[in-house]
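Student: Could you walk me through this model, starting with the overall numbers and then zooming in? I'd like the cut-offs spelled out as we go.

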Amino acid sequence: MRRCPARPPTVLTTLLLALLLGSACGQTPASDPATAPGSPTNPAVDTSALAVNHPTVWVCRPGTVDDDCAGGLDVTIVGPSGPTFALPFQPAANPPADCFYVYPTVSGVGLGNAPLKATDAEIAMVRAQAARFASVCRVFAPAYQQYTVVSRLQPDGPDDLSRAVAFADVQSAWNDYLLNDNQGRPVVLVGDDQGAEMLLRLLREEIEPDAGQRALLVSALLVGADVRVRAGALTGGDLTKIPACQRHDEFGCVVAYSAYQGDAPADAQFGLPSAPSRGVAATADLTDDPSDLRTLCTNPAALGGGEAELEPYLPTARLVGALLPGLSPENLPAADTGFVTYPEFLTAECRQAGGRAWLAVTPRPVPGGDLRSLPVIESPPSWGLHFAEFSLTLGDLVELAGRQTTAYLGAHQALAGGHG
């Protein structure tokens, strides 16, 4: 009997590999099946109510002359003794899905909200986190008037007005995308930190209540946000219809986690339903009893649970310079490529203790000497791996987006054939 691997055996994953795995190892998705948007069983998006507040400033958008998500994305494979060889980045020629990405808190201007423009800091972050998704999807990354580092570090965090200004821009960009670019294509939402907060709010307020928009959702990959669900359930809390992902061939679901090396400290900033996180602050009007909630942890390398090897893609100083929060240039890997990856070095598993849930990342150096290490992060221990957790799981997130897209398309094609 042919046995299908839980994860592809290579470092460089592509949509083609996901398609092959999907055909050989596919299961019936747990999501409610639907046919293409606009069909009798899958309503089209009602665009009449979509408002675009101002022209969208795109950091990345397919087809633009100066697409900041293109170029410089090759990766150096680093073994225990150092670099071994480089692999070129291969964007998909005609990807079947889109990725809508919102970047984390990067603006250091001395205001409550950043100006609406793509500075070098925003471009560096989008290149470090979103650009490699182009191997499985078209990447759309809008700039937005995010609340700034100054606002974030206030004793009570960003005020409601700063959050509202940031969300209005993300909502407007999403509506712009639906009106002018989507054309019924499936979408993966991708966000980190503040970006994950904004997408969680978009899911709650716009996508989940709208059957047409919800039918487009492949998955929501929300890193560094405390998404809450009812204890013992896959929904409830922040979202009532969109469940936590449990399998790599499932779609219409959410992935969320915050990472620490080993155990989370007692004063950890993330992981508790009441923790001072963006996800909690953005969705205070819950229908569930807060005491009945837990924070979601879904390991992107092993959605079904347990420990699994991670596929990190760490940006180099060559790619981003000195522009990533929490990571100084001297702490970034050195290579002639935009990224380095450490195969067979990191594992991760979801853990729970004291009402807290987190993704525990553990280095597994080769006995006798291993030159690889986790990035040095300039933040308090209570923040854990917050400034690196997206990069430490980037390969797994890209692979997951491809496999979930395959499952989504397969289910829709099967139903379309049944209706034909």
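Student: What percentage of the 420 residues in the protein is buried?

Tutor: Quick caveat before the number: this is a predicted model, where local features need pLDDT of at least 70, side-chain atom pairs count only at pLDDT 80 or more, and totals for chains, interfaces and linings use all residues. Residues are numbered from 1 along each chain as its sequence is written, and side-chain values use heavy atoms, with hydrogens and water left out. Buried means under 20% relative accessible area, exposed over 50%, and partly exposed in between, with a 1.4 Å probe and protein chains only. On that scale, the buried share of the 420 residues is 57%.

Student: And how much of the accessible surface belongs to carbon and sulfur atoms?

Tutor: Accessible areas come from the Shrake-Rupley method with a 1.4 Å probe, and for residues only the protein chains shown count as cover. The protein's accessible surface totals about 16700 Å². The part belonging to carbon and sulfur atoms is 53%.

Student: How many helices and strands does the protein have?

Tutor: Both are DSSP runs numbered from the N terminus: helices are H or I with at least four residues, strands are E with at least two. Counted that way, the protein has ten helices and 16 strands.

Student: What share of the contacts with a separation of 6 or more comes from residues 24 or more positions apart?

Tutor: Contact here means heavy atoms within 4.5 Å. Take the contacts with a separation of 6 or more, then pick out those between residues 24 or more positions apart. Their share is 78%.

Student: Let's zoom in on strand S2. Is it enclosed or open, and how many of its residues are buried?

Tutor: S2 covers residues 75-79. Val75, Ile77 and Gly79 point one way, Thr76 and Val78 the other, and all are buried. S2 is largely enclosed by the rest of the structure, because the buried count is five of the five.

Student: How far apart are the end C-alpha atoms of helix H4?

Tutor: The expected span is 1.5 Å times one less than the number of residues. H4 has 23 residues, 160-182, so it should span 33 Å. The end C-alpha atoms agree with that, at 30 Å.

Student: What caps the N-terminal end of H4?

Tutor: Look for a side-chain oxygen 3.3 Å from the backbone nitrogen of leucine 161. The residue supplying that oxygen is aspartate 159.

Student: How many disulfides does the structure hold?

Tutor: A disulfide is scored as a pair of cysteine sulfur atoms within 2.5 Å. One of them joins cysteine 60 to cysteine 69, S to S 2.0 Å, and another joins cysteine 245 and cysteine 253 with sulfur atoms 2.0 Å apart. The total is four.

Student: Is the link of cysteine 297 and cysteine 350 left-handed or right-handed?

Tutor: For reference, the cysteine 245 and cysteine 253 torsion is about 95°, so that disulfide is right-handed. Cysteine 297 and cysteine 350 have sulfur atoms 2.1 Å apart. The angle about their S-S bond is -80°, making the link left-handed.

How values were computed
A polar contact is a pair of N or O atoms within 3.5 Å; within protein, one must be able to donate a hydrogen and the other to accept it, and residues adjacent in sequence count only if both atoms are side-chain atoms.
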